[in-house]
Amino acid sequence: MRGTKAERLSQLAEKQALGFCRLDYSGHGESGGRFEDGTIGRWTEEAAAVIAAAVDGPAILVGSSMGAWIALRLVQTALAAGKPPKIAGLLLLAPAPDFTHRLMEPKLSQDQRAALARDGFIAEPSDYSPEPNIYTRALFEDGAANLVMEGLIETRCPVTIIQGMADPDVPFEHALELVAHLPSEGVIVTLVRDGDHRLSRPQDLELIARATLDLVAAARGGH
């Protein structure tokens, strides 16, 4: 929540007199807990609790990487419960829904599969932290129970996707595959030819800001 993109959106909200809420999931950033104790289901529940407690009225939900998966699950779970979500638009940045199943599992080596079965986790070096990434068997199993790219993802709101084509973590083809599971109307995809996974360069941040304001305008009926 102290990342470059979140800080830029905070400044934008202040300038535009918009409400703004951000959170770190447990095991992330400023929140307590261990990352390896988290799952997609748990983090979705945490995000839903924050929205219920802190957000009044319709909101534009911005999710980056795994956050995009969480955002889509928030919409799905709310609709499944018969509750209209407080979400008037989705901005998905380098979206990685179903990453455990679609992006990670096919690349697991036999040694990694054995380690998951034996130890319950695998550790990989991180490009974004000095600490390794820990992926648990529970994360993979829970991820399989929270897949969204299995059929039509009903959002009932506009969706904007921004994806870097030079992203080493989430191939841009994954974003295009996601589009095939979204409604045929109200979906905009912007591919950044030289964009990476962070999408945190000044030009990327400006693109994100413009996309956010476009979604706000759409939520207000174009005004």
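User: In this predicted model, is Asn 146 buried or exposed?
Analyst: In this predicted model, the place of Asn 146 is in the loop between α6 and β5. Leaving out residues up to four places away in sequence, Asn 146 touches Ile 40, Gly 41, Trp 69, Arg 73 and Asp 98. A residue counts as buried under 20% relative accessible area, and Asn 146 has a relative accessible area of 7%, so the answer is buried.

User: How are α2 and α6 oriented to each other?
Analyst: Two packed helices are described by the angle between their axes and the distance between the axes. Ile 40, Gly 41 and Trp 43 in α2 meet Leu 139, Asp 142 and Gly 143 in α6, and the axes of α2 and α6 lie 8 Å apart at an angle of about 70 degrees. Angles of 65 to 115 degrees count as roughly perpendicular, and therefore α2 and α6 are described as roughly perpendicular.

User: Which word describes the ring pair of Phe 35 and Trp 43: stacked, edge-to-face or tilted?
Analyst: The count of aromatic pairs in the model comes to three. For Phe 35 and Trp 43 the ring centres are 5.4 Å apart and the planes stand at 35 degrees; planes under 30 degrees apart would count as stacked and those over 60 as edge-to-face, so this pair is tilted.

User: Which residue joins Phe 35 and Trp 43 in a cluster linked by ring pairs?
Analyst: Within this group, Phe 35 is partly exposed, with a relative accessible area of 25%, whereas Trp 43 is buried, with a relative accessible area of 0%. Ring pairs link these two residues into a cluster with a further aromatic residue, Tyr 25.

User: How many residues apart in sequence are the parts that the pair of Trp 69 and Phe 99 ties together?
Analyst: Trp 69 and Phe 99 form an edge-to-face aromatic pair, with 5.5 Å from centre to centre and 85 degrees between the planes. Trp 69 counts as buried at 0% relative accessibility, and Phe 99 counts as buried at 12%. Since Trp 69 lies in helix α3 (residues 66–80) and Phe 99 in helix α4 (residues 99–104), the pair ties together parts whose separation in sequence is 30 residues.

User: Which residue in β6 stands opposite Val 159?
Analyst: Strand β5 (residues 159–164) and β6 pair in the parallel sense over six bridges. Opposite Val 159 in this pairing stands the β6 residue Val 187.

User: How far apart in space are Ser 65 and Val 170, C-alpha to C-alpha?
Analyst: Ser 65 is found in the loop between β1 and α3, and, its neighbours within four places in sequence left aside, Ser 65 is in contact with Leu 93, Ala 94, Pro 95, Ala 96 and His 197. Ser 65 and Val 170 are 105 residues apart in sequence, while their C-alpha to C-alpha distance in space is 8.0 Å.

User: What is the phi of Arg 156, which is not a glycine?
Analyst: Arg 156 is found in the loop between α6 and β5 and is exposed, with a relative accessible area of 65%. Although Arg 156 is not a glycine, its phi is positive, at about 55 degrees.

Methods
Residues numbered from 1 in each chain as written. Predicted model: local features only at pLDDT ≥ 70, side-chain atom pairs only at ≥ 80, totals over all residues. Heavy atoms only, no water. Phe/Tyr/Trp six-rings, centres within 6.5 Å; stacked < 30°, edge-to-face > 60°. Buried < 20%, exposed > 50% of the residue type's maximum accessible area, 1.4 Å probe, protein only. Helix = DSSP H or I, 4+ residues; strand = E, 2+ residues; numbered from the N terminus. Pairing = 2+ DSSP bridges. Contact = heavy atoms within 4.5 Å. Axes fitted to C-alpha atoms, helices over the stretch in contact; angles between N-to-C directions. Parallel < 35°, antiparallel > 145°, perpendicular 65-115°, else oblique.
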